[in-house]
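Please read this report alongside the sequence and the model.

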Amino acid sequence: MLGICYYPEHWAESQWAQDAKEMRELRLTYVRIAEFAWSRLEPTAGNYTFEWLDRAIDTLAAEGLKVIMCTPTATPPRWLVEQYPDMLAVDVNTGLVRGFGSRRHYDFSSEDYRREAMRISAVLAERYGTHPAIVGWQTDNELACHDTTPSASDSALAAFQRWCEARYGSIETLNEAWGNVFWSMEYPSFDSIDVPYFAVTEANPSHSLAFRRFSSDQVIKFHDEMVDIIRQHAPGRFVTHNFIPMSDTQTDNYALARNLDFASFDNYPLGRTDLFFAGADTAQFKRYMRTGHPDFSSYYFDQTRGLCQQNFWIMEQQPGPVNWAVHNPRPEPGMIALWSWVAFAHGADTVCYFRWRQAAFAQEQMHAGLKRVDNSPSAAYPEVQQVKAELDKLNIELNDPLHYRVAMVSTTTNQWVSEIEQQGQSYHHEKVEFEYYHALRLLGLNVAFVSPDHSLQDFDLVVVPTMPIISDTFIANCKATNATVVFGPRSGAKTEEFQYPRNLGPGKLQSLMPIKVLSVETLREDISETLHFEGETFHSNRWREELGVEENTEVMAQYENGKPAVVRHNNLVYVATLGCVDFTKSLLGKLAAEQGITTFILPEDVRTAERGDYRFLFNYAGEPVRIDGFEDKEFIVGSNELSAYGYAITKR
Amino acid sequence: MLGICYYPEHWAESQWAQDAKEMRELRLTYVRIAEFAWSRLEPTAGNYTFEWLDRAIDTLAAEGLKVIMCTPTATPPRWLVEQYPDMLAVDVNTGLVRGFGSRRHYDFSSEDYRREAMRISAVLAERYGTHPAIVGWQTDNELACHDTTPSASDSALAAFQRWCEARYGSIETLNEAWGNVFWSMEYPSFDSIDVPYFAVTEANPSHSLAFRRFSSDQVIKFHDEMVDIIRQHAPGRFVTHNFIPMSDTQTDNYALARNLDFASFDNYPLGRTDLFFAGADTAQFKRYMRTGHPDFSSYYFDQTRGLCQQNFWIMEQQPGPVNWAVHNPRPEPGMIALWSWVAFAHGADTVCYFRWRQAAFAQEQMHAGLKRVDNSPSAAYPEVQQVKAELDKLNIELNDPLHYRVAMVSTTTNQWVSEIEQQGQSYHHEKVEFEYYHALRLLGLNVAFVSPDHSLQDFDLVVVPTMPIISDTFIANCKATNATVVFGPRSGAKTEEFQYPRNLGPGKLQSLMPIKVLSVETLREDISETLHFEGETFHSNRWREELGVEENTEVMAQYENGKPAVVRHNNLVYVATLGCVDFTKSLLGKLAAEQGITTFILPEDVRTAERGDYRFLFNYAGEPVRIDGFEDKEFIVGSNELSAYGYAITKR
Amino acid sequence: MLGICYYPEHWAESQWAQDAKEMRELRLTYVRIAEFAWSRLEPTAGNYTFEWLDRAIDTLAAEGLKVIMCTPTATPPRWLVEQYPDMLAVDVNTGLVRGFGSRRHYDFSSEDYRREAMRISAVLAERYGTHPAIVGWQTDNELACHDTTPSASDSALAAFQRWCEARYGSIETLNEAWGNVFWSMEYPSFDSIDVPYFAVTEANPSHSLAFRRFSSDQVIKFHDEMVDIIRQHAPGRFVTHNFIPMSDTQTDNYALARNLDFASFDNYPLGRTDLFFAGADTAQFKRYMRTGHPDFSSYYFDQTRGLCQQNFWIMEQQPGPVNWAVHNPRPEPGMIALWSWVAFAHGADTVCYFRWRQAAFAQEQMHAGLKRVDNSPSAAYPEVQQVKAELDKLNIELNDPLHYRVAMVSTTTNQWVSEIEQQGQSYHHEKVEFEYYHALRLLGLNVAFVSPDHSLQDFDLVVVPTMPIISDTFIANCKATNATVVFGPRSGAKTEEFQYPRNLGPGKLQSLMPIKVLSVETLREDISETLHFEGETFHSNRWREELGVEENTEVMAQYENGKPAVVRHNNLVYVATLGCVDFTKSLLGKLAAEQGITTFILPEDVRTAERGDYRFLFNYAGEPVRIDGFEDKEFIVGSNELSAYGYAITKR
Ligand SMILES: [Zn+2]
Ligand SMILES: [Zn+2]
Ligand SMILES: [Zn+2]
């Protein structure tokens, strides 16, 4: 189904009815509202003015639209900041208070703000919880966006000290766990613990990891309380949150999503491509600047689906040029439709576009909408009509839930480890994970993201791009599966408290594989050595581990000096180096084939995905392309001759 | 005429007489003094010690030199800072107090400093206002240099709140004007308004624009009061200010110059070239590193002339290597003379060199003077002698005022708009404006800079590189002219309060042209698309607007997809994209020709200008060059065979 | 001899005995301990717990190992920070307190910290000063590392004001010395002086230089007091300090070393190469990333030897990949041995490796040791065994002290000058000095570093890469020597108080050479002009001075315009420009030959050094190489056919 983000408070009330009528005519199902409206719902302390919102909801409901209500806590009003100045966070890089004047100006550790946020959530939930037009709720908005998870405020510090006390019990245990003896960093008491910023040189990584865990927990605690309040007053309504990527949140999104009905994602392929590929040369950069990288939307869609292991929503879909990236190109014609279908192909149940009409003021006035500021339809409008018409030809829900044979295990803790201790500037956790994902997608494979706590028994191939800190549960999950499990370098390289394993890397993995990491080197981004695999030569780069292996270990690939670079023991494969995409694709292709998983040979810019009875084909290239092997398929949408930026849907 | 900047307080009094004698022998007319001398004029509060200055003036006057006196307010003494610590500004990026120890350490919003600055100005003006040797006054020095216009101090905040109250009347009007409803940013009262810095993410652009307008107003208010004081006590003396480029001041230089007799400029071609072309490759960078870019001095000269629509002064002319750029090369031999003549050709009445003798101490000891530290003449000295000899052959004042057929409309507000909302990192306001200017100069055209309030009736070709915010006055000026008016992209893209026009871009321009901007995209610096114009192919890049035009609109150039990129309606031309210099030159050349304006085909590094009865030719290349078509001219200086870094002056 | 850094407090006491036994078996002589152990030696104020350290020393002594004891003052414990919050320094860039949580969190100007640091030093020295196993002491650790010399604290400011009072006597003298009249920067009293940071634009360079001198003096004063305390209680024991390069300390290492028995150095060739060559292209960077630049270790070794004009120690030798550079590659096989021998060849008496066993926790857990975390020997272990076996074949001490014919004069003051007034971004003091050193080493010459106070009479060729501020002592030393003395550009360019010499550059050098620097230009890194020398063409770049010379001056090299670039007068040579390495090598080669100094023609990656009766050859290339001219030598180690990363030692 399709939906829209709408801000009635931004427009004259006289326009609402026409807007609602046009939404119905566009055959939208859902409308999300009230996200940033706190200053209009409570203009002064305790003075609630819900009447306009009542009328807005009624206007939408009159056209049969279903409403998603939001808690407005991402944008506390000015009067609240004046009442509780301590609600503001403190920047961990500059020590400056992060002030009012934009959004997300609150500290997750502020007791005052927490209480006020829950109060307004409760008031809203009480008033609208059982409103017949309201079918679901969104909590806050893009939690943790703008690096708001960590704070160096007094509130955060006090809460961190209590968190440490709860985790470690005694200060001696903490000092031991962090290895504080190293530089006489031993704390005499929990009250003497600092935030891990503003030290003379780098902080103890164990300290930094503890603070990240704490900060993540604060976001989750804040959010869980809000979910509880909504559930209490809004029986039978779904509760979701519009996530940004876990790599941006500094929060364990799996845990954050735990109490939700499903996860939602805000999808901005061009902005994300612009930032992620900032280092690309002209030709590379231009290639995807108006389409987004072919794997970049699905990468986040598959992650979002993994949060609740449920089909998900796109709560905000980019409808044209945006305002916030470094450069903001126009999507190629057809991309809005293509992106929408990529979302459905990867498990979306609903795609909502952001936003109905482009705002005429403030920070996002250069952000496109389905309608322009003058209410004329933008380029995206007919593409939405097209998607709706095509959706009618399929019945996507019938075939759910999805089942994939390939899984990727991701965790935020392990991103933190490599951010805290990068060791080589060329090691970027999110690029490492993306490279593995990209290789799997080039092979035409669907990928299920799972947390380490998730059983691996349903899968045939499991990829762990990196997992420095491995839990006992995950070891047990590995033991219990027959899947081939592939580990990237750094796996098992740290203990739970960010120490070096006394038995060397890969630490706990040694209980499954008889190997040891003898030394590690990191290389500059532009430098590579060679890797021998299956008679071909590939590249080893960035992070390279020297392995000690027992004689009977199978060596799958070797370094330039003949020493083992990829080894296999039983169903486990350990990759001791980062490599080029060609290598990763070759390795995973071989392992997939051994497990009887069908891979595809597709043109470079074509991707495929399956959902239920359907197989989807997407062409990110600016030229038409013919896909071999699909001649005999029954096409619901398109054909095996894909147009430029075109797609096709066939029965499997 | 020629002049010099002199700091008697930097040298032993025993040397003054010889210096003055040599200045006379060099046939200088003017000497500027006392600019930074506050600590010597008032060593402790209220203890004035003018006697040395009296003697210095007398010494200069005894040689027939005319003196320009300065208010010393750019360098308040230490004791004043101790008395009024609140006079210091606060850095808007770091929140740190901008302390004593260099210069410009004051906040334009400090009431204490304003009062003290006016006091010292009045004391000076009273004492020296009618001194026969003093012919004119310079206010302060390079106002707003070192990013001193904005401040995040308490004084600035309080003044900003009052400024908002005066501008908007009610807080509801302000909230509406800024669109503060967007993220619940509504202010309950004027006292709750913040400076637009230190927020969690970007501030509301309307808020930012208001703060820039306010900050500019504070500079102007400060300066106007000082001008009034001088005029009160110094009847018949001119008052000027030595401006730095408007792109650096964050102040509306047109308004700042309003009460002056004429504007002056401090001209440092090498330093500015070093900074402006920092991204250039080796060959490009080396080409102009010792000459300055051929259009770089005149670009600022023409701007300075536009401030008062009067001939101007160069108050400081670079005489050799300086100290403050990233790299500080030596000018090529002859450049001091060439730059001086470029100034005269573009409307300077006087060129003063900075400084008489290189300082032997403090921050600028690596800044060349006409004389070296040991009092030997530097390389510039004979070049100044040469300029004076050549000046004697012309009578430049007789033919003034100048009249140009081509105008460029510039405003600081529109620079602010594109700085506040860059939208694409490749969009640089000052580069866009410079590219249009550069194209006009390659065509050999003289360019008058005008503010939007200036009548356009005297011109035949008017170029508006960009003007997001268009005033009604400017619309009226456009209607009243028969000139061809060329608008660059972004024109009319914003309302007066930095909102998106409800009728889309180009906003108010739609009253003159039936076009609409349907969407905007920005591209990375290194990426371009194609532009078809007059049967040739050019480049479209950085900022690209999609136009909706009526059927009968003339399309002058088209995008790669055939859609309109440049359109014409009556005498108005709208350029919807940035392009390469070749395109801009071709377009403006065609439009000039249509208006019967003669253009020139000159070697790439040669420039021409006209003033009164004279035409000037300048060769920025290191090789001699022969200029075709000037064989029969009567040359006052040089000939049609220009030497390396040479120039010639001919009767028109 | 060989030694090791050991941290018994990081390991279970049960492991100590085995560690000591293995150290003896590896035939190590020295063990350095207690460096960062304050929190274990005094867990709460005044509560000393030395018993564990007693036992650790006894365990080591039982195996015949000799102990170097350290004062633990680089890492004050948390309780001390709570007791004296003013002991923390303030960052001169951000104004933020530099907090607890890593190391070096103290302000050299804090009276409280100074007293406490001396107290713990005295307590330690009293307890262990005459312990028979303890043969020497190390003060603190890497003083000034992490930019800890300067501080903007209240303590530092107050101490600076008193330092100024002592240096200048009256505020008038100070104002005159600094040229504060320049921008009315005159201070009314010593109490009004600021730190030279946080001003609106650049501070007065004289002010900045004074603050650097002060800051350096504070480090020295702190250190001298500590040395005195140790000497008082530890008769007959040597006292040393483990220096980092003078370019990093912002301290006059010559003065800092004055009271030591000898200087030690912490040698990390790969990390330093990674940082120093960060701008290199792929091939250049890769070439030395696993060997370090061939001149990069010896460059610092020779400097360290120069501090006390004594043979030195390597107190910490990199034993494998480290953790702190931007990228951390693995040393090539054999490099640990090669680096050790380079140290001995350049005058080391002892090489200690850092550290015995890789730490399993905290900031440096990715830093290799001789043993891995699991106690297995790392790749360095057998290389240490090899070095010890080879050492047994030589008797290095017998032939000391060393004597070199070539000297390089270095000072930290002159680094400060070029950092404070860079004038061209391409001028890097440490690169300029290194280029001269590199050229000398390519010629196979051993280089003695000396301070300007050191007699030059023993040398035949003296190189002064740059010396803006020249002392009278140095002028006298130049007069007293028959050596050829080569001055690089900027020499004599400043007075003692950082003013421009009234007689122009090279200032005081004019008493020795009849030349004047008429102007200076700086060029961007990638731009060069030509230099004519001995009939060949070389490159002149970055810093170029125009010279005025008397007619009879010998011009050795000329600029592209024929003007003098290198001149000679008597035994003095003045090089007025920076140039390419080929030029510097050619010039120095010619001058060495004229003095009868034998130079070598060696393969590009081979270096030679002599010590006593021995000559050493080192091959930094990955291929074997045969050295011509050594066929008949008596080789103690290796032969004239060097293996990849190999070395040889021959009788001279
Ligand atoms: Zn490859
Ligand atoms: Zn072009
Ligand atoms: Zn060269």
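The sections below describe a predicted model, one topic at a time.

## Chain arrangement

How are two copies of a chain related in general? By a rotation about an axis and a shift along it. Here, chain B is superposed on chain C by a rotation of 120 degrees with 0.0 Å of shift along the axis, and the RMSD is 0.0 Å. These two copies are thus related as by a three-fold rotation axis. In chain B, Thr94(B) has the C-alpha nearest that axis, 4.6 Å from it.

Chain B can also be superposed on chain A, by a rotation of 120 degrees with 0.0 Å of shift along its axis and an RMSD of 0.0 Å.

## Zinc sites

His539(A), with a relative accessible area of 39%, is partly exposed.

In chain C, the zinc ion that is ligand 3 is coordinated by ND1 of His539(C) and SG of Cys580(C), at 2.1 to 2.2 Å. Distant parts of the chain are linked by this pair: His539(C) is in strand S16 (residues 536–549) of chain C, and Cys580(C), 41 residues apart from it, is in the loop between strand S20 (577–579) and helix H19 (581–594) of chain C. The relative accessibility of His539(C) is 39%, which counts as partly exposed, whereas Cys580(C) counts as buried at 17%.

## Glu186(B) and chain A

Glu186(B) sits in the loop between helix H7 (171–178) and helix H8 (205–233) of chain B. Its relative accessibility is 15%, and Glu186(B) therefore counts as buried. The side chain of Glu186(B) makes a polar contact of 2.7 Å with the side chain of Arg40(A).

What else does Glu186(B) contact, leaving aside its neighbours within four places in sequence? From chain A, the contacts include Ser39(A), Arg40(A) and Arg78(A). From chain B, they include Asn175(B), Asn180(B) and Val181(B).

## Salt bridges

Side chains of opposite charge can pair when their charged atoms come close. Over all chains, the structure holds 156 salt bridges. One of them joins the side chains of Asp392(A) and Arg27(A), at 2.4 Å from N to O. Asp392(A) is in the loop between helix H15 (380–391) and strand S10 (406–409) of chain A, while Arg27(A) is in the loop between helix H1 (13–25) and strand S2 (30–33) of chain A, so the bridge ties together parts that are 365 residues apart in sequence. Asp392(A) is partly exposed, at a relative accessible area of 44%, and Arg27(A) is partly exposed at 38%.

In chain B, Arg32(B) and Glu316(B) form a salt bridge whose closest N and O atoms are 3.0 Å apart. Arg32(B) lies in strand S2 (residues 30–33) and Glu316(B) in strand S8 (residues 312–317) of chain B, so parts that are 284 residues apart in sequence are tied together. Both Arg32(B) and Glu316(B) are buried. In chain C, the salt bridge between Glu435(C) and Arg542(C) has its closest N and O atoms 2.9 Å apart. Glu435(C) is in helix H17 (residues 429–442) and Arg542(C) in strand S16 of chain C, so this pair ties together parts that are 107 residues apart in sequence. Glu435(C) and Arg542(C) are buried. Salt bridges that share partners also join Lys286(A), Arg290(A), Arg330(A), Glu332(A), Glu521(B), Glu529(B), Arg544(B) and Glu560(B) into one network.

## Annotated region of chain A

An unreviewed UniProt entry places the feature "domain: Beta-galactosidase C-terminal" at residues 607–651 of chain A. Over residues 607–651, chain A is 0% helix and 51% strand. The end C-alpha atoms of residues 607–651 are 16 Å apart.

Notes
Residues are numbered from 1 along each chain as its sequence is written. Chains are lettered from A and ligands numbered from 1 in the order in which they are written. This is a predicted model: local features need pLDDT of at least 70, side-chain atom pairs count only at pLDDT 80 or more; totals for chains, interfaces and linings use all residues. Side-chain values use heavy atoms; hydrogens and water are left out. Buried means under 20% relative accessible area, exposed over 50%, partly exposed in between (1.4 Å probe, protein chains only). UniProt positions are given in the numbering used here, feature names are shortened, and annotations may be inferred rather than shown by experiment. Helices (H or I, at least four residues) and strands (E, at least two) are DSSP runs, numbered from the N terminus. Copies are superposed by least squares on the C-alpha atoms of residues with pLDDT of at least 70 in both. A polar contact is a pair of N or O atoms within 3.5 Å; within protein, one must be able to donate a hydrogen and the other to accept it, and residues adjacent in sequence count only if both atoms are side-chain atoms. Contact means heavy atoms within 4.5 Å. Donors are N, O and S atoms within 2.8 Å of the metal (3.2 Å for Na, K and Ca); water is not among the atoms, so sites may look incomplete. A salt bridge is a side-chain nitrogen of Lys or Arg within 4 Å of a carboxyl oxygen of Asp or Glu.
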